[in-house]
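Morning, everyone. I'll go through one model, starting with a helix pair. Please have the structure up.

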Amino acid sequence: MLKNKEKRPGPANNGYPHLTVQLQSDLKYPHRLNFYDQPPIEDITLEDFETYALNRLRVLGEIESSFARNRPWNELKSMTITQCANHDLQLDENTAQTRPLDAQRQKDHVGHFVLRLAFCRSEELRRRFVKAELTLFKVRYEGGGEPEKKAFLDSSDFGWEAVSDGDAKELSDKLVAASSSSKVAEATRQNRERYYKVRWTRVPDLVEKRRVFLKAGMAYVAEKDISSIVYQEFQTRLEKALEMTAKALPRLDEDTRIIPILDNLSQGFLAGASSEWGNAPAAGNGSELTADMVDDIARKHYPMCMRNLHDCLRRDRHLKHFGRLQYGNIQDDKFNKEYRYNIRHSFGLEGKRANYAAKSCQQILLADQPGSSDNHGCPYRHFAPENLQTALLAAYSNQGLTSADLPEIMHTVKNGHFHVACTRVYEITHSKQVSKDLLFCPPLFLSYDIQLSSHMSQRKASKTAPNGYNGDTKVDESALQQYQDTEGHFSLVRNFRLADLVTIMNGFCGSLSIFMSAKYLVSRDEDYLWTALVLPVAGLMFDFFDGKIARWRKESSMIGQELDSLADLISFGVAPALLAFTVGLRTYLDTVVLTAFICCGIARLARFNATVALVPKDATGKSKYFEGLPIPSSLALVSAMCYWTKNGWIEGKEGIPYGTVTLWGNQGGNGDIHLVTFVFGAWAAAMISKTLRVPKI
């Protein structure tokens, strides 16, 4: 049993004098926490060797996917604890006398060292493995009791030195100034907080955050922050161990049983751990799938990789060899001659009659890489970025995926988290009513999707929305596919939604305002000027109502979203700028600023389309704020011009208020600019500002 050692001063048990740890006297693993300094030496079966590693890999894979999704720490911690419980990696404290503590910790110990063998092969794998393992260690450290932590800390020499009471009192003011919280500062003032000295390089995170006092190369760390030293020690030891393992790994080359397992495990962060298809939920409500159901199921429930294969099969009436293997079926006139035996063999009806499992994501990602004329593979990995975005919108726009969601998905793809990107698309298209587990293989994706759709349909069938709208109404074809498939004259107009027509009216108002401004410049008839001033306000009404109508009719389209941005640019960007020119802002510098105003409006709309998915949302999914002034706010400038027109403060009458200033050259030359033009320049800067956040009403 572990004994505390005086030569290794550790954190005192301040505040917990009554807490003690009752250790089981015969434990092989005396602590719940582990630095994994000693490799396992007991005999285990090859099956346990792989099972322990796979269970741990699933937990680490979920941790890494949480980083890819930018999950907050509390959510990541809760998810990790749940995954550990689901995959038999939960570690009980020593006080759990009736629990098989050694058996639990042996699985954890063996699984770690097996994965260490798998992930020591490259710098990238080592980096990702260390990050995931460190996160798992942090979760376990924070979740442990204080007596357990103290016993674990006393078992290792961390190289820290306790600060004497005299030194702590002498440096009290400086320690208080560097305290990480008001609670620590108050305890320091009352001489109740213990401090420890370590080399400052041991706590770079605390130094970066200015949470420690530095003196003579030593960092004075409060007992409350001692975990930073522990985490840094765990990371340092693991990094060194991985480098040593990488050097020793070539000695295993002759073991034909272990190397294939390690090769398979090393791909875990790329495609995720293999799913247990045998444990997948039943596909549907008990009825079997028939051939006439395949097209509908493919459109509604297939993941992107299988949907691409199905579309190519329907289009070309043929799939190449690896495409047929991935898809698992084929329809062709020469079926009986060329394909019948192979397909029956795949389903266990010929040969050795083994019912082969469908391909997992790992197999699709890593095996049989597709060529330029092939259709198999994973779209998220093998498609060009532009083609992937187009394919995603064509396949899922009718299920809620918009262009605003693409930056997040493409960022995940760029970082190599292909299975996370696939799952994220599933979450977006199913209103987040999804499992917390990653979907690692197409059959599981399909089965879970059909089950979820059946459940949601049953719920919707019991309710009927107001105005007679049935919540179970579905659009059979995506908007983009519908535009592509519609033939004949005026096919574009015939595919417009009512909301799209309202958006067109916004653009119509802006365009007509431009022509009315031009008519005023030619005729000097103020009726044209007043018409030009009023039309952008009418455009704002249409801009407001198109979204209301889309939600009321429960229909939207990708073309509608693009129409909205283009119409806003005309009505609230180009039209106000030309109105300013019309009423008198006509100097050379005036026109430069007004041109910049239009360009900033273009940039602002482009940024909105690209980043709207990254803006925090409220419970209803509505963005909490605008980044920068929204472009319809330019109507405030139009209102000011209405006031000038009413009072005669326009070119040809009393002139623009506040007149002009000359920045260079002679008065009346190219260096003249109206003072009010600076308002347009400031407005343009506010539209493209990232720090200005306007609450969304």
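H29 passes H30 in a right-handed crossing, where right-handed means that the near helix is turned clockwise from the far one by less than a right angle, and left-handed that it is turned anticlockwise. Ala636, Leu637 and Met641 of H29 meet Val679, Phe680 and Trp683 of H30, contact being heavy atoms within 4.5 Å. Helices here are DSSP runs of H or I, at least four residues, and strands are E runs of at least two, numbered from the N terminus.

Now the provenance. This is a predicted model, with local features needing pLDDT of at least 70 and side-chain atom pairs counting only at pLDDT 80 or more, while totals for chains, interfaces and linings use all residues. Residues are numbered from 1 along each chain as its sequence is written, and side-chain values use heavy atoms, without hydrogens and water.

Next, the cores. The largest nonpolar core has 51 residues, with Phe137, Val221 and Leu265 making the most contacts inside it. Such a core is a set of buried Ala, Val, Leu, Ile, Met, Phe, Trp, Tyr and Cys residues joined through side-chain atoms within 4.5 Å; buried is under 20% relative accessible area, exposed over 50%, partly exposed in between, with a 1.4 Å probe and protein chains only. A second, separate core has 36 residues, including Leu533 and Cys600. Leaving out residues up to four places away in sequence, Phe137 touches Phe152 and Phe234, among others.

Last, the sheet. Four strands form an open sheet, ordered E1-E2-E4-E3 with antiparallel pairing; pairing takes at least two DSSP bridges. E1 (161–162) and E3 (213–215) each have a single partner strand, so one side of each lacks a neighbour in the sheet. Ala162 is opposite Tyr196 in E2.
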